[in-house]
Every structure is written in structure tokens, then in C-alpha cells.
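Work through the exercises below with the sequence and the structure side by side. Try each task before reading its solution.

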Amino acid sequence: MTALSLRWPAEALWEAVVPRLPGFSVEVLPSIDSTNTELMRRARAGLCDPTLLVAEQQTAGRGRLGRAWQSDVGASLMMSLGLPLAPADWSGLSLAVGVSVAESLQPVLPAAGQLPRVGLKWPNDLWTTGDRKLGGILVETASFVAPQGALAERASAARYVVVGIGINVLPRSGEGMSMPPASLQDVEPGLDAPAALLRIVPPLVAMLQSFEGYGFSPMQARFAQRDILQGRAVTLSDGQAGTAHGVGEDGALLVQTASGMQAVTSSEISVRPVPAQSSI
């Protein structure tokens, strides 16, 4: 797939989102170091308009804990959505984003007893069958938001949030990766990056606005429907081991360890499920 074959639905996205998010704009760039990095640069310079930035190629893309996320044109969907936001509690935001994206890619869950094709691994990964990573989410915030428009009256409470999403569109090699990769072709053959973008963004904007008012709690049950760690043995990067028991109303991962139930809240702690015969 080449850049010329990609037809991005910028106008359709703008029409779908701008009634909810005045001042919204869509930018598609052929190449950039990182869409998240660029929106954060703009925010620190006082440019805090709601913006969707899409890159056909990233040269220095970043995942959680500074991991690299790079891709050739058409092989991945790489996007960042930046907007001012002022929730009472930021806890669980990356989980809520994951729920929104997973539901956009697989709106209907399978029958009881069957595993969803798009599952969620705490705190910010999209996984599919066979413990394979489909994509990742990176949420960053800038503390300064320039007062403007209707936001001015609450600007002191708002921050500019950048939601970065990277999803494998085409199959890729797993060489050098700790987890084998999956792609959208495993979920829905023929689905390309522009079509996936159009599915994901409008519901994501609606979810972020809902999160601003109500937090993660209303999405807790929806996360549980796709939680691939639920009931599984897990190991934490700090040496603890235990069994995952879902997430709390604040998005904390609940792990039963030898010393009792632990609520894991730090995004700096890596969680890995112990391989099992029947795993998503």
C-alpha cells in the first residue's frame, strides 16, 4: 500500500465531530517524528485547539515507557487527538479510551463463552486472540491551556490532553518484540487505516466528553467485558505475582497476591499474563 492509495476521510471526520467540538480540525501529514510529540509541542507553545493529527509514517513514534512505535505507510494507523479537558478525576482515562476504540473496531460482542476479537489489556493495550498485541494507547497531558471561547471560565482547571493511538493495520514481523503482534486483518480482513480512523474518532470524542463529566466508573463494566487479564495469573515488573480480578471504579488493576489484594495504579508497572491454554 502506498501513500497515493490512501484516501483519508478528513472532511467526513470534521463534519461528524465539529458539532460536538467547535474549532476542531483534521491534519494528515505524510511523515512526522511522532503525532503525540507534535501536539504536545504545540500545546506548550499555547496552541491548544482541538486537533486530530494523523501521520502516514512516524520516524520516532513512542509507546508506553518510551517504547518505539514506527511503521511504514499504510501498515499502521497512527493518530493523536488533542483537546482541552477538565475532568474531576483523570483516573482510568487510558482504559476508557481503550473501551471506546475496541467497541468501534468490534461493536458486537460474541455469544457468551466466546472470546472477543478485540480485548483490552490493562492499562492501555489492545490485544486479540493468542495474546497478540493489536495496538497501544498513549495519553499525555500539558498543564497549560490557553483560555479561549467557552473554555475560558474553567481554563484554570483544564489541561490539554493528547490521546495517541497506534494500531497495526497490516501483518508485521514479531522479531525483537516481547509479544507477538496482531493486525486489523485478523479482526476484519480488508479494513484499512482510513476506514478504521473514521470508525474510531467520532465515538472517541463523545467518550472523552462523557469522561469529563462522569469519569471512568460508568465504563467499568464495559471494560470488564473485554478484560483479557480477568482471572489469569499475572506477574508485575516489581516482582509481585498473583491473580487479576478486574479493575476498580478508578481504573486500578486489582491483583490478589500472597500479601492480599493489591490495587495497581502506577502506569510505570508492567503487567504480563502467565500463558494459559485458553487465553485471548
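**Exercise 1.** Which strands are included in what covers the buried residues of α2?

*Solution.* The model is a predicted one.

Step 1. Locate the helix: α2 spans residues 35-44.

Step 2. List its buried residues. They are T35, N36, T37, E38, L39, M40, R42 and A43. A residue counts as buried when its relative accessible area is under 20%.

Step 3. Look at what lies over them. The cover includes β1 (25-29), β2 (51-55), β3, β6 (132-142) and β7 (159-168).

Step 4. Conclude. Eight of the ten residues of α2 are buried, so the helix is largely enclosed by the rest of the structure.

**Exercise 2.** Find the residue that caps the N-terminal end of α2, and describe the backbone just after the helix.

*Solution.* Step 1. At the N-terminal end, the cap is S34. One of its side-chain oxygens is 3.4 Å from the backbone nitrogen of N36.

Step 1. Just past α2 comes G46, with a positive phi of about 90°.

**Exercise 3.** Is N36 buried or exposed, and what does its side chain reach?

*Solution.* Step 1. N36 belongs to helix α2.

Step 1. Its relative accessible area is 4%. The cut-off for buried is under 20%, so N36 is buried.

Step 2. Follow the side chain of N36. At 3.3 Å it reaches the backbone oxygen of L138. It also makes a polar contact with the side chain of E140, at 2.9 Å.

**Exercise 4.** In what order do the seven strands of the open sheet lie, and which strands stand at its edges?

*Solution.* Step 1. Read across the sheet: the order is β1-β2-β3-β7-β6-β5-β4, with mixed pairing.

Step 1. Take the two ends. β1 and β4 (119-121) each have a single partner strand, so one side of each has no neighbour in the sheet.

Step 2. Examine one pair. β1 and β2 run parallel and are joined by five bridges. One example is S25, whose bridge partner in β2 is T51.

**Exercise 5.** Describe the surroundings of M79 and its place in the largest nonpolar core.

*Solution.* Step 1. M79 sits in strand β3 (residues 76-85).

Step 1. With a relative accessible area of 1%, M79 is buried.

Step 2. Collect its contacts, leaving aside neighbours within four places in sequence. They are T35, L52, L53, V54, V163, G164, I165, L197, V201 and L204.

Step 3. Compare sequence and space for one of these contacts. M79 and V201 are 122 residues apart along the chain, while their C-alpha atoms are separated by 9.6 Å.

Step 4. A second, separate core of ten residues includes L39, C48, L53 and Y160.

Step 5. Turn to I165. Not counting residues up to four places away in sequence, it touches L77, M78, M79, V97, V101, G136, I137, I200 and L204.

**Exercise 6.** Describe how helices α3 and α5 meet.

*Solution.* Step 1. Decide what to state. Two packed helices are described by the angle between their axes and the distance between the axes.

Step 1. The axes of α3 (residues 93-105) and α5 come within 9 Å and cross at roughly 140°.

Step 2. From α3 they include V97, V101 and L105, and from α5 they include I200, L204 and F211.

**Exercise 7.** Which side chains of β10 are buried, and how does β10 pair with β9 and β11?

*Solution.* Step 1. Along β10 (residues 253-257) the side chains alternate.

Step 1. β9 (residues 241-247) pairs with β10 in the antiparallel sense over four bridges. In their hairpin, with five residues between the strands, G251 has a positive phi near 85°.

Step 2. β10 and β11 (residues 260-264) are also antiparallel, with five bridges. Two residues lie between them in a hairpin, and L254 stands opposite A263.

Terms used:
Residues are numbered from 1 along each chain as its sequence is written. This is a predicted model: local features need pLDDT of at least 70, side-chain atom pairs count only at pLDDT 80 or more; totals for chains, interfaces and linings use all residues. Side-chain values use heavy atoms; hydrogens and water are left out. Buried means under 20% relative accessible area, exposed over 50%, partly exposed in between (1.4 Å probe, protein chains only). Contact means heavy atoms within 4.5 Å. A polar contact is a pair of N or O atoms within 3.5 Å; within protein, one must be able to donate a hydrogen and the other to accept it, and residues adjacent in sequence count only if both atoms are side-chain atoms. Two strands pair if DSSP finds at least two bridges between them. A nonpolar core is a set of buried Ala, Val, Leu, Ile, Met, Phe, Trp, Tyr and Cys residues joined through side-chain atoms within 4.5 Å. Axes are lines fitted to C-alpha atoms, for helices over the stretch in contact, and angles run from 0 to 180 degrees between N-to-C directions.
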